[in-house]
Each structure stands twice: as C-alpha cells, then as structure tokens.
Amino acid sequence: MIIDYTIDALIDNIKLISSTPSSQNLFSKEKFIKLANNQLFSKLVPFIMSFRSDYFLVEKEIPVSSIDGSFKIPQDAIGLKIRDLYVKESRKELPYLQIEEIKTLDRLGYFIKGNEIVIHKFKDIPSQNTLKLSYYRRPNYLVSSSECGQVRSIFPETNQLVLSLFPNYAVGTKLCCISSSAGFDLKFDDYSLEAIDGFTITVEDVKKGRVEDVSKVEIGDWVAQSNCSPIPQVPVATIPLFEQMIVVKIMESMNDRQGLENAKADYYDMEKQVRMALFPRVDSSYKKALPDFTRGF
C-alpha cells in the first residue's frame, strides 16, 4: 500500500477528523493550505527544532574562488542563521567573531553583517579551497500536488524527466525535486527549466560543479517550483500531530468550544507520543568524549 503524504491527502484527513462540511466555504483548499503553512512554520518546525537533534541540518559547499570575501546567508536558512563554517580541505573551522573583535584580532574568522557572512582575513584562505557551510534548512512551502509534477521516467544522460502531469511552468522557471520517500529530501534545487515537450521536461545541465544530480531522481518523486513542495518535509512521525494542529485551529475558527477542548486534549496526548518518537534520535548511543575540532589557522 502506497501512503499518500501530499497536502491534498492531509486535507482530506483533517476534514474527516474535524468533521468539516465539504460545502463549508470558510475552508477552501487554498485556505487549508495557507493554514497548513502557518502551522508548519509557526509551530511544527520550532517544535522539531526544540529537540536539538539536527533535524533539517544541511551542508553547502562554496568554492573560495566564487566569492570576494563575503556571501549571503542562504535564504532558506531557519532564522537566517548558520551552524558552522569550515574549510573543507584542511577541516579547520572558522571561528565566529563579534564585529567589535575584528578591530583588534589578527586572525582568520568570520562575522555577520546584515544577512551576509564576511570572512575576516579572507586572503589567508587558498583560492583553490572550498568552504563548507552547515545550517538548518526550512522546509519548502506547501502547495497542492496539482501545481507539481510526479516523475514517471528519468533520462539522466539528457537531463530529462517525464512527468505524470505538467503544471503551467514557463521555460526558465527554477525547479526543485522532492523525494516521495520518508524524509522527503531535495534531490535537486534551483535548476532552470530549459525545454518542454509534452510531459517531458529538460532541466539545466548538472555538470556545472553541483552536488545534486538528476540521476538521483526516482520514479514517484515530485517536481515543483523552487521553495515549494506538495509534501510536508518533516519526519513522518510528526504528520498526524501536524494534522491535529490544524484541527485545533479549525475548531477555534468555528467557535466550537467542545470540539476545541477535545481537539486540544488529543493534541497534547499525541505530542507526548511524538516526543518519545523523535528524541533521543540515536537510542543506543553512548556519550563519549571527542577530540577538539581544530579552530582557526
């Protein structure tokens, strides 16, 4: 049995749980999706992040030769903040410096200026090296599956994908691909749509130093506009809790006091179970001392 994790299937579940009338104009699919996005980013993501177990953690490689001493914090970083930054080849971590420190410290490091990461003493890093930036990436915004295409065939030699349906995307649109398997990771992101032939699309050549590859795409994965996804990119164990969050908001908007009380009671019971499922993330691990990570040069 294939389980449908799309927001469309979640909306059907939410209607069933909350007994929302199908004819209720207050809750159109578009409004359900807006409500789902609101709860996803205001409640569910912070709830998952509270376990400090590196959910949503990703790494990005930045060739030193591609920057001029500074670069923007990725726009999909939660809170527009980063976890750490180090040089890939030497595995030397760049220490974070307070902006006041750069006036007196004669050492390699970085500081934050606005939404940019500025490398102090940037010329001390060989130009052939690569920076590795780690940060917590926010899930993509939820959209209906009708705004996406599901992969039916893959031709990595020509960077082509055959989709089950094709939304009205124009050539040049930036696309991403979301795994249909639990985890719902990105297979590629920010790839330009270069050609359309019926339900067959050609994305930009991936042989441009990118880590992602169209050959990693699998049948059943979803193609959407960049920053969008038909599936909540969260642990599967949290999806029923996510649905219940939305049910609580529906009961509030309908001014159903008894329904709200019952929905909240169910939510708190579910939250306890989800906490046990999410933490600790490695059940059998023992605490052990690790050697200090080399900082600076």
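This is a predicted model: local features need pLDDT of at least 70, side-chain atom pairs count only at pLDDT 80 or more; totals for chains, interfaces and linings use all residues.
Two packed helices are described by the angle between their axes and the distance between the axes. Take helix 2 (residues 29–49) and helix 3 (residues 239–253) to begin with: their axes come within 9 Å and cross at roughly 120°. With angles of 65 to 115 degrees counting as roughly perpendicular and those over 145 as roughly antiparallel, helix 2 and helix 3 are therefore oblique to each other. The crossing of this pair, helix 2 and helix 3, is right-handed. On the helix 2 side, the contact involves Phe32, Leu35, Ala36, Gln39, Leu40, Lys43, Leu44 and Phe47, and these meet Leu241, Phe242, Met245, Ile246, Lys249 and Ile250 of helix 3. Sorted by class, that contact of helix 2 with helix 3 comes out at 11 nonpolar, 1 polar and 2 charged residues.

Helix 1 (residues 7–18) also packs on helix 2, here at an angle of about 95° and with the axes 11 Å apart. That angle makes helix 1 roughly perpendicular to helix 2. From helix 1 come Ile7, Asp8, Ile11, Ile14 and Lys15, which touch Lys29, Phe32, Ile33 and Ala36 in helix 2. The tally for helix 1 with helix 2 is 6 nonpolar and 3 charged residues, with no polar ones.

The remaining pairing to describe is helix 1 with helix 3. Their axes come within 9 Å and cross at roughly 55°, so helix 1 and helix 3 are oblique to each other. Helix 1 goes past helix 3 in a right-handed crossing.

As for the cysteines, the structure holds 0 disulfides. Cys176 is in none, its nearest cysteine sulfur being that of Cys228, 7.0 Å away, where a disulfide would need the two sulfur atoms within 2.5 Å. Cys176 counts as buried because its relative accessibility is 0%. Cys177 is likewise in no disulfide, and the nearest cysteine sulfur to Cys177 is that of Cys176, at 7.5 Å. Cys177 is buried too, with a relative accessible area of 0%.

Definitions and conventions:
Residues are numbered from 1 along each chain as its sequence is written. Side-chain values use heavy atoms; hydrogens and water are left out. Buried means under 20% relative accessible area, exposed over 50%, partly exposed in between (1.4 Å probe, protein chains only). Axes are lines fitted to C-alpha atoms, for helices over the stretch in contact, and angles run from 0 to 180 degrees between N-to-C directions. Helices (H or I, at least four residues) and strands (E, at least two) are DSSP runs, numbered from the N terminus. Angles under 35 degrees count as roughly parallel, over 145 as roughly antiparallel, 65 to 115 as roughly perpendicular and the rest as oblique. A crossing is left-handed if the near helix is turned anticlockwise from the far one by less than a right angle, and right-handed if clockwise. Contact means heavy atoms within 4.5 Å. Ala, Val, Leu, Ile, Met, Phe, Trp, Tyr, Cys and Pro count as nonpolar, Asp, Glu, Lys and Arg as charged, and the others, Gly among them, as polar.
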